[in-house]
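Have a look at it first.

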Amino acid sequence: MRKSIIFISGAIILILASMAFVIEKEKKTAVKLGKLLFNEKILSKDSSVSCASCHKPEFAFADTTAFSFGINKTTTSRNTPSVLNMKNRPYFFWDGRAASLDEQALMPIENPNEMGLPIKEAIKRLNESTFYKDYFLKVFGSLPNEKNLAAAFATFESSLETDNSRFDDWSYGKKTLTESEQRGREIFVGDKAKCFDCHWMEDFTDDDFKNIGLFDGMKLNDSGRFRINQKKEDIGKFKTPGLRNVAVTAPYMHNGMFKTLEEVIDYYNDPFKVVPNAQNIDASLKQPLGLTDTEKKDLVAFLKTLTDKAFEPKK
Ligand code: HEC
Ligand code: HEC
């Protein structure tokens, strides 16, 4: 008798638990809606491109080419950055022209080189879908509109924080780094390489605009922040990118001109060797750093510890 009571109550608990699991799984949230929309191609003019076409989830939400393809095989004019760890950023885009994720979110939809669809048309398409109408109503209590569409993207993107790298394990005292990685960390924060002057704070960015020498007004003619504010001192400045997961997001820089981290380090070691007529370069980079081959390797080894385990190559 007792045994069967135990058995029945055990079974009931199991059923309830699995029901809760199913409900939880089906619970409609802004994050899940944002994720669906991030992968939704109907938000591009010819329904061929979604945000995820360029911000590829398997490459830490960046792209693997210098410039990405939008609709009609047009290409973007800058390299696609990762959209991970955006939550605490005060600026978006390489030149910082958007001040919030909400403000940023609708720009790629209208951008003719990206998704090329007027926002009004995007909202109309979503309102023609029973699935999305229902989803937006459940999550926001209103039908799809510009505001809640932007909010859905922003909420999803804010959920994409990564803090489970080998570097994090090390900083919580859980695991050690190899000797080379530790040396690399010391070089990174030290006075010789000066990386930490700009790539600091928890996501390895100062959330500021700097010119590292990739503007010469000739071949390299993207003036970056200057285009937004026309301030002379900002010529050639770009947003300092965060470096979490950087091993997964090649190629590098606003124009994707470096294919590997080794190339990036070689560049920093002696910028003028690569761009002899760099204009307005940051004072800290005017002299060659004089890194040895081992120091360069150590720096790369350190940068690779910043990869979240979700993006570590599968063994
Ligand atoms: C055709 C490729 C492409 C598509 C599609 C695309 N993006 Fe981007 N995204 C880029 C490029 C290129 C940049 C950098 C542009 C710049 O800085 O001028 C960028 C920048 C961003 C940034 C700023 C990141 C940072 O570090 O400041 C966010 C956030 C973002 N995109 C989100 C989205 C969302 C959301 C969508 C879909 C609605 C989307 N992107 C669609 C290529 C794309
Ligand atoms: C003066 C500030 C400054 C210093 C010092 C600096 N960086 Fe940067 N870093 C930037 C800026 C700004 C960019 C983007 C430049 C661009 O695209 O034109 C960048 C880009 C990068 C990128 C490419 C990231 C991507 O997603 O494309 C890597 C990697 C990087 N830096 C690593 C380092 C390392 C390693 C050092 C030290 C040797 C260093 N940085 C020193 C400001 C700086």
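What follows is a set of questions and answers on how each description is reached.

Q: What kind of model is this, and how are its parts numbered?
A: This is a predicted model, in which local features need pLDDT of at least 70, side-chain atom pairs count only at pLDDT 80 or more, and totals for chains, interfaces and linings use all residues. Residues are numbered from 1 along each chain as its sequence is written, while chains are lettered from A and ligands numbered from 1 in the order in which they are written.

Q: What makes up the secondary structure of the chain?
A: The chain has 15 helices and two strands. These are DSSP runs, numbered from the N terminus: helices are H or I with at least four residues, and strands are E with at least two. The C-alpha trace spans about 80 × 55 × 30 Å along its principal axes.

Q: Why is Phe167 called buried?
A: A residue is buried if 20 or more other C-beta atoms lie within 10 Å of its own, exposed if 12 or fewer, and partly exposed in between, with C-beta atoms placed from the backbone. Phe167 has 23 such atoms within 10 Å, so Phe167 is buried. Its place is in helix H9 (residues 166-171). Beyond its neighbours within four places in sequence, Phe167 is in contact with Thr305 and Leu306; contact means C-beta atoms, placed from the backbone, within 7 Å.

Q: How do you know whether Phe215 is buried or exposed?
A: Phe215 has 26 C-beta neighbours inside 10 Å and therefore counts as buried. Phe215 sits in the loop between strand E1 (209-210) and helix H12 (225-229). Leaving out residues up to four places away in sequence, Phe215 touches several residues, among them Leu220, Ile235 and Ala278. Across the chain of 315 residues, 40% count as buried.

Q: Why is H13 called oblique to H15?
A: Helix H13 (residues 261-269) and helix H15 (residues 293-304) pack at an angle of about 130 degrees, with their axes 10 Å apart. Angles under 35 degrees count as roughly parallel, over 145 as roughly antiparallel, 65 to 115 as roughly perpendicular and the rest as oblique. The angle of about 130 degrees therefore makes H13 oblique to H15. Axes here are lines fitted to C-alpha atoms, for helices over the stretch in contact, and angles run from 0 to 180 degrees between N-to-C directions.

Q: Which residues make the contact of H13 with H15?
A: H13 brings Leu261, Glu262, Ile265 and Asn269, and H15 brings Lys296, Leu299, Val300 and Leu303.

Q: Which residues come nearest to ligand 1?
A: Of the 24 residues around ligand 1, Cys51, Cys54, Phe93, Trp94 and Pro108 come nearest. To be near, a residue must have its C-beta atom, placed from the backbone, within 6 Å. Helix H3 gives the most to this shell, with three residues.

Q: Which residues come nearest to ligand 2, and which element gives the most to its shell?
A: Cys195, Cys198, Tyr252, Met253 and His254 come nearest, out of 26 residues around ligand 2. H13 gives the most to the shell, with four residues.

Key:
Two residues are in contact if their C-beta atoms, placed from the backbone, lie within 7 Å.
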